[in-house]
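Colleague: Could we go through part of this model together? I would like to discuss some strands and then a pocket.

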Amino acid sequence: MPNTFSRRGALKLGAALPLAAPALLTTTAARADGHAKKDIGMASYRRMQLGGFEVVTLLTNTRTVEGPQNIFGMNVDAAEFNAVSEAAFLPNDKMQFFFTPTLVNTGSEVILFDTGQDPAGITSALDAAGYAAGDVNKVVITHMHGDHIGGLMGDAGETFANASYVTGAIEHNHWAGAENDNFNAKVKPLEAKFSMIDDGASVASGITAVGAFGHTPGHMTYMIESGGKQLLLMADLANHYVYSLAHPDWEVRFDMDKAAAAASRRKVLGMLAADKVPTVGYHMPFPGVGYVAAKGDAFEYVPVSYQMML
């Protein structure tokens, strides 16, 4: 495939600057899941350079959720949860969720990791960043929760008609046997185009699957490496910058195997802290990019500033 930089280079590269000018979210519109996308004046993409790769985080949706302890810290009492929230300057009655697929342009392939909740959200964010759905050569699904596979298919059919698809074999096999509506609607029609991989597999040169099971049976993270630099796409390993890092053993509603998910969090977050590798979290505050620092028996999230502009 021709290099996407040359085809739509001026718009994508922002006159060769690592970060392009902000593109504002569209006005409030109905979502397929019954929620609304807020016009909060936030850029819908963030462009970074990782060695010879272009990495773009894509905000497909953000929404307010009531009752944070219905999701995080389910195994601690309300007084402890409220104290942790107050110390972090967070309200304890609501929280903001972000949905952030990531695009990696290697120069020879355009690879999209996860697809958001619906085709409209991902295609809008791609367009803001200077890409079209037809530019995507490969779609990698980290796991098969609805907010990661929702953009694969819509009323108009397949969103990424020029792409092949990759996902973990364990993950696929679980959902294929689960009689799941999202899987049947979004993944099953595309199964002939899917390749199944295992932990440690190479998705492309410089991109390696790293198993982090527990959130779902075959949940994968992906290590991106280029020019001696690394970045881990951690998907839903840790979904809140305070609750998941400062308290990695807190139970999370959407973790299917809560003990395994906590063990994966400790293992992967420990590696990120020790090796000082930046990470992209699918549900972290946009642009979703930060570092992990060890703090006592747990961790602290350090949002990226200008490190990846240099």
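Colleague: How many bridges join E14 to strand E15?
Modeller: Five bridges join E14 to E15 (residues 229-235), and the two run antiparallel. Strands (E, at least two residues) and helices (H or I, at least four) are DSSP runs numbered from the N terminus, and two strands pair if DSSP finds at least two bridges between them. The model is predicted: local features need pLDDT of at least 70, side-chain atom pairs count only at pLDDT 80 or more, and totals for chains, interfaces and linings use all residues. Residues are numbered from 1 along each chain as its sequence is written, and side-chain values use heavy atoms, with hydrogens and water left out.

Colleague: Which residue is the bridge partner of Glu225 in E15?
Modeller: Glu225 is partnered by Gln230. E14 and E15 form a hairpin with two residues between them, and Gly227 in the turn has a positive phi of about 60 degrees.

Colleague: And in which sense do E13 and E14 pair?
Modeller: Strand E13 (residues 207-211) pairs with E14 in the antiparallel sense, over five bridges. Ala209 stands opposite Tyr222 of E14.

Colleague: Is E14 mostly covered or uncovered?
Modeller: Strand E14 (residues 220-226) is mostly covered, with six of its seven residues buried, that is, under 20% relative accessible area with a 1.4 Å probe, protein chains only.

Colleague: Changing topic, which element gives the largest share of the lining of the second largest pocket?
Modeller: E18 does, with four residues. Helix H3 (78-87) and strand E18 (298-303) are the elements that give two or more residues to that lining.

Conventions. Buried means under 20% relative accessible area, exposed over 50%, partly exposed in between (1.4 Å probe, protein chains only).
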